[in-house]
Amino acid sequence: MTINELLGVALKIEGAGYSYYEKLSNVSSGALKNLFLELANEEREHARIFEEILSGFKDEKNLNLNEEEVGYLKAFAEDVIFPKLTIEKIPTSVKEAIKLAIEVEKDSIIFYNDIKMLVSDNSAIEKVIEEEKKHMKKLTLRLREDDEFDIYSEGSKI
């Protein structure tokens, strides 16, 4: 596998993330819809960043990559990240949709941290990682809001 292929996997992750958030925005309203639209647009921007990085590797098809590490990264993306993002039906509850999104953001951060070590100028990938961390924070805060609401709505003893 080449660096181009790994960056192509990153592009697919961002494209699938965009699609997931877009689907969620289509079934949401109000602040939640705005959150999902914002995340979708940011995933689209991440894809653009990976396209830029990829264009810089056009002449470097085969860098000497550790086959074991590359195999792990490819398997991680295919077996862990993509199955979560390419589901046909989105979760029926907001809580489950957000939990799944948090998992994917976390898994993407792990994947990007590993591939950033394979490129000489990794500042763009580092930027994407920082933004994915912000996505996790936004989603976690939203999940906590829902948890508090759920506690009170189910007959708290307070």
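**View 1. Helix H1 beside helix H3.** In this predicted model, the axes of H1 (residues 3-26) and H3 (residues 67-85) come within 11 Å and cross at roughly 10°. Axes are lines fitted to C-alpha atoms over the stretch in contact, with angles running from 0 to 180 degrees between N-to-C directions; helices are DSSP runs of H or I with at least four residues. Residues are numbered from 1 along each chain as its sequence is written. Local features need pLDDT of at least 70, side-chain atom pairs count only at pLDDT 80 or more, totals for chains, interfaces and linings use all residues, and side-chain values use heavy atoms, without hydrogens or water.

**View 2. Residues between H1 and H3.** Here Leu6, Val9, Ile13 and Tyr20 are among the H1 residues that meet H3, whose side includes Val70, Leu73 and Phe82 (contact means heavy atoms within 4.5 Å).

**View 3. Around Phe111.** Take a look at Phe111: setting aside neighbours within four places in sequence, Phe111 is in contact with Leu6, Val9, Ala10, Ile13, Leu73, Phe76, Ala77 and Ile81.

**View 4. Helix H1 against helix H2.** H1 and H2 pack at about 165°, their axes 8 Å apart. The two helices are therefore roughly antiparallel. Their crossing is left-handed (the near helix is turned anticlockwise from the far one by less than a right angle).

Definitions and conventions:
Angles under 35 degrees count as roughly parallel, over 145 as roughly antiparallel, 65 to 115 as roughly perpendicular and the rest as oblique.
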